[in-house]
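Q: I would like to learn how to read the features of a structure such as this one, step by step. Could we take the sequence and the model together and go through them in turn?

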Amino acid sequence: MPHAPDVLELDAVPSLARELLRAGLDRRPARPGEVPRLDVFLPLLRPDPAALARYREVCGFDADGFLPLPYPQVLAAPLHLALLNRPEFPYRLLGMIHLRNHIQQERRLEDGVGLRVRVWVEGQREVRQGRELDLHTDIEVDGRRAWSAVTTMLRRLPGLREQTKRPREDVKAEQDPRFAQSRPAPWAVAEDTGRRYARASGDYNPIHLHALLARGFGFPRAIAHGMWTKSACLAALDGRLPPAYSIDVQF
């Protein structure tokens with residue numbers, strides 16, 4: 001896993017509470033800015049059994065001795081926050097929207113395995129709503145890449161928000177061919193799911209926690225964590241997926 005020129009190397013997992021506080025106090029202006037190549041590297045990270053149990057409970061995974069496929073992204077979350085809180089990053093973290101997620105698992109990871117983690121962000125794309133950027137995560141075990149992810153995020157910018165809504169028929173036309181063979185599965189999602197997932201994952205983005213907080217960011221009510229939805233779908237398929245596979249989701 002080669003290091004980029006501007007790498008912040010850590011000797012321990014950053015404090016999630018401290019990084020969340022930094023993000024909450026950040027007052028960077030909402031305007032376009034250059035996104036440079038930024039890296040954060042941690043040579044050893046081990047899953048905490050109690051935190052893993054909380055994650056399994058809220059998402060529906062069985063305790064089978066292996067990490068659920070989305071869980072390494074949860075483990076890397078403090079590094080993601082440390083990266084996006086860096087002064088070189090031009091945008092405020094709070095209010096950024098998770099649009100898409102790609103995960104590639106090369107092999108199943110044991111519960112207590114030691115992970116070598118690198119996260120980085122570089123570049124951006126101009127879209128109707130503002131700016132998109134990709135947050136990358138690579139995980140090595142025993143010197144070989146075992147898991148990777150690309151998280152695509154959106155930074156809305158003033159003057160562009162009125163263009164975010166798309167006609168419902170356009171969305172339906174996109175989805176019908178891909179999901180024509182899908183089987184419906186009704187879910188009952190409790191009102192506190194967002195808060196329970198936040199405790200399990202560390203993702204305390206206010207748009208997921210309560211309607212009053214979500215309204216401050218332009219949402220009529222709290223919305224489900226996208227990664228909780230992805231995780232719950234994978235939990236429903238637990239035991240029926242191969243050791244190595246990839247999965248993409250668009251929220």
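Q: Is arginine 145 buried, partly exposed or exposed, and what is its relative accessible area?

A: This is a predicted model, and each accessibility in it is computed from the atoms of that model. Since a residue counts as buried under 20% relative accessible area and as exposed over 50%, arginine 145, with a relative accessible area of 46%, is partly exposed.

Q: With which residue does the side chain of arginine 145 meet in a salt bridge?

A: Side chains of opposite charge can pair when their charged atoms come close. Here the partner of arginine 145 is aspartate 138, with 3.6 Å from N to O, and aspartate 138 counts as buried because its relative accessibility is 11%.

Q: How many salt bridges does a search of the whole structure find, and which residue pairs with aspartate 39?

A: The search finds 16 salt bridges. In one of them aspartate 39 is joined to arginine 118, and the closest N and O atoms of that pair are 3.0 Å apart. The two residues come from distant parts of the chain, since aspartate 39 belongs to strand S2 (residues 38-45) and arginine 118 to strand S4 (residues 115-127), 79 residues apart. Aspartate 39 counts as buried, at 0% relative accessibility, and arginine 118 also counts as buried, at 7%.

Q: In what sense do S2 and S4 pair, and which residue of S4 is the bridge partner of aspartate 39?

A: The pairing of S2 with S4 is antiparallel and runs over six bridges, and in it tryptophan 120 of S4 is the bridge partner of aspartate 39. S4 also pairs in the antiparallel sense with strand S5 (residues 130-141), over ten bridges, where valine 117 stands opposite isoleucine 139 in S5. These two strands, S4 and S5, form a hairpin that has two residues between them.

Q: Which residue forms a salt bridge with glutamate 57?

A: Glutamate 57 pairs with arginine 196, and their closest N and O atoms are 3.1 Å apart. Glutamate 57 lies in helix H2 (residues 49-59) and arginine 196 in helix H6 (residues 193-201), so this pair ties together parts that are 139 residues apart in sequence. Glutamate 57 is exposed, with a relative accessible area of 54%, whereas arginine 196 is partly exposed, at 23%.

Q: What is the volume of the second largest pocket, and which residues lie nearest its centre?

A: Rolling a probe the size of a water molecule over the atoms shows where empty space is left. The second largest pocket has a volume of about 280 Å³; it is lined by 19 residues, of which Leu16, Ala51, Val74, Leu75 and Pro78 lie nearest its centre. Two or more lining residues come from each of H2, helix H3 (71-75) and H6, and H6 gives the most, with four residues. By class, the lining has 13 nonpolar, two polar and four charged residues.

Q: How many of the eight residues of helix H4 are buried?

A: Eight of the eight residues of H4 (residues 77-84) are buried, so this helix is largely enclosed by the rest of the structure. Among the buried residues are Pro78 and His80, and Pro78 is also one of the residues that lie nearest the centre of the second largest pocket.

Key:
Residues are numbered from 1 along each chain as its sequence is written. This is a predicted model: local features need pLDDT of at least 70, side-chain atom pairs count only at pLDDT 80 or more; totals for chains, interfaces and linings use all residues. Side-chain values use heavy atoms; hydrogens and water are left out. Buried means under 20% relative accessible area, exposed over 50%, partly exposed in between (1.4 Å probe, protein chains only). A salt bridge is a side-chain nitrogen of Lys or Arg within 4 Å of a carboxyl oxygen of Asp or Glu. On a 1 Å grid over the protein atoms alone, a cavity is a set of points where a 1.4 Å probe fits but cannot get out, and a pocket is an open set with protein on both sides within 12 Å along at least five of seven lines; lining residues have an atom within 4 Å of a point. Grid points are joined across faces, edges and corners, and a volume is the space filled by probe spheres set on the points. Ala, Val, Leu, Ile, Met, Phe, Trp, Tyr, Cys and Pro count as nonpolar, Asp, Glu, Lys and Arg as charged, and the others, Gly among them, as polar. Two strands pair if DSSP finds at least two bridges between them.
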